[in-house]
Amino acid sequence: MSITTTSILHRTPWTPPVALRADGVYVDLEDGRRVIDGIGGAAVSCLGTSHPKVIAAIKDQLDTLTYVYNMQLSSKPAEELAKFLVDSSNGAFELVAFASGGSEAMEAIIKLARQFFMETGQPDRKNFIARKLSFHGNTLSTLSLAHHPTRRAPYEDILDHEHFHHVSPAYAKRFQRPDETEEQYVERLRQELEDKFIELGPNTVIGFAAETVVGATTGVLGAPKGYFAAMKSVCEKYGALFILDEVMSGMGRMGSLHAWQSIGDGAAPDLQAVAKGLGGGYASIGAVLLSPKVARGIRGGSGLLKHGHTYQAHPLACVASLAVQRVINEEDLLPKVVKNGELMEKLLCQGLLAEGALAKPFTFDIRGRGAFWGVEFDFTCPEAANLNFKTATFAMLVQARCFTNGLIAMGMNGGATLDGSRGDHLMFGPAYNATEEEIVKIVDIFVQSVNEILMESMV
């Protein structure tokens, strides 16, 4: 039966095509087409959509226990998943609190961080510092914490501007000065954070929050070497919490279980949010990981999480997530993630930056690692005078053309300026177990689509 109308209030100005089934990284649509998913939904599907071990675990759990309310009962899948997350952290984490997704996890971090200081006798700590051009979720408090201009805009008048403050992003390609070394740029950002602490009153700051790798806002943007160590040092100097959001970049996507282990200076956080790669799309789940320091503070006070939701620690979500993590370990997928990332980078550079490539003048940056890549385009160069995208943006035109050509990619705008007024980037987040042939196909369709839009936009 063809669906021509919808009763869903969708998130897009168009009605999305209907998916009927999926196999690995491929999705079959109602109209008969098969597309390859190059972004895993939203950097979620780390094992594709049909891994037999994960599906079997969910089916088995359906026959055993489908739901308990977490204020009344726990469950074996929840206990085992929490133990896995603690045991696999090499001592970085001691306790886990579950949520149903990334926004919920970051919301829980905001409340848990405040709870920590209330229970350790520091009630004057009430301010958070985060970064411009960041995203931490779609609730009002996480929108207040983050600084995604477009997503904040409709709610600006009801966001919390009193307790949430912002410093510059770590975006060297855009904002490092020509006369600065990388070390000098990091020091300038460190000093800016320390100045913000002093401005607010060091004893009023709860913590500094950042995405280890910025996702949709700027398109897979990592920080310069030494940045996270420097930011953590400021937090430690003034007794505040160092908070990392790895909702998109964590749980293996960068080629290490936690992104900070490979590209974050090894700077372990006091609190960390994970979500997308935790359940891999097989279930709705998020988690907050607590360092021994925070765990001690909570245990020394109330000993409980003063926050929660009805479906928190859902047995089906936890059993699915545990199966996903076991598959990643059993199939030794993290080295494969790194290898696939090296291939993707090579192919993207060949397709977009080779001598004579149509996209070369406009390809501002190709960045990423493992199974998370972003390509940023810039149209301020002289060659751009020959292009006319009419009322559309390049990123969204390419995203639409990719889909027409059989590829799901993620296009975003507004990451090139602090006010979100300019910028085009596209993102890729293939499954960790994607084959080399599938990586090649993703890049081939993407480059083809970029070239088609550029050719059609020439005047």
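Two strands count as paired if DSSP finds at least two bridges between them; strands themselves are DSSP runs of E, at least two residues long, and helices are runs of H or I, at least four long, numbered from the N terminus. This is a predicted model, where local features need pLDDT of at least 70, side-chain atom pairs count only at pLDDT 80 or more, and totals for chains, interfaces and linings use all residues. Residues are numbered from 1 along each chain as its sequence is written, and side-chain values use heavy atoms, leaving out hydrogens and water.

**View 1. Strands S11 and S12 side by side.** S11 and S12 (residues 372–377) run antiparallel and share six bridges. Look for Arg369, which sits opposite Phe372 in S12.

**View 2. The open sheet around them.** Here four strands line up in the order S11-S12-S15-S14, with antiparallel pairing. At the edges are S11 (363–369) and S14 (410–413), each pairing on one side only.

**View 3. Strand S9 and its two partners.** S9 (residues 271–274) has Leu271 and Ala273 pointing one way, Gln272 and Val274 the other, and all are buried (under 20% relative accessible area, with a 1.4 Å probe and protein chains only). S8 (residues 241–246) pairs with S9 in parallel over four bridges, and Asp245 has Ala273 as its bridge partner. S10 (residues 286–290) runs antiparallel to S9, again joined by four bridges; Gln272 is partnered with Leu289 there.

**View 4. Ile158 in its loop.** You'll find Ile158 in the loop between helix H6 (149–152) and strand S6 (164–167). Ile158 counts as exposed because its relative accessibility is 58%, and exposed means over 50%.
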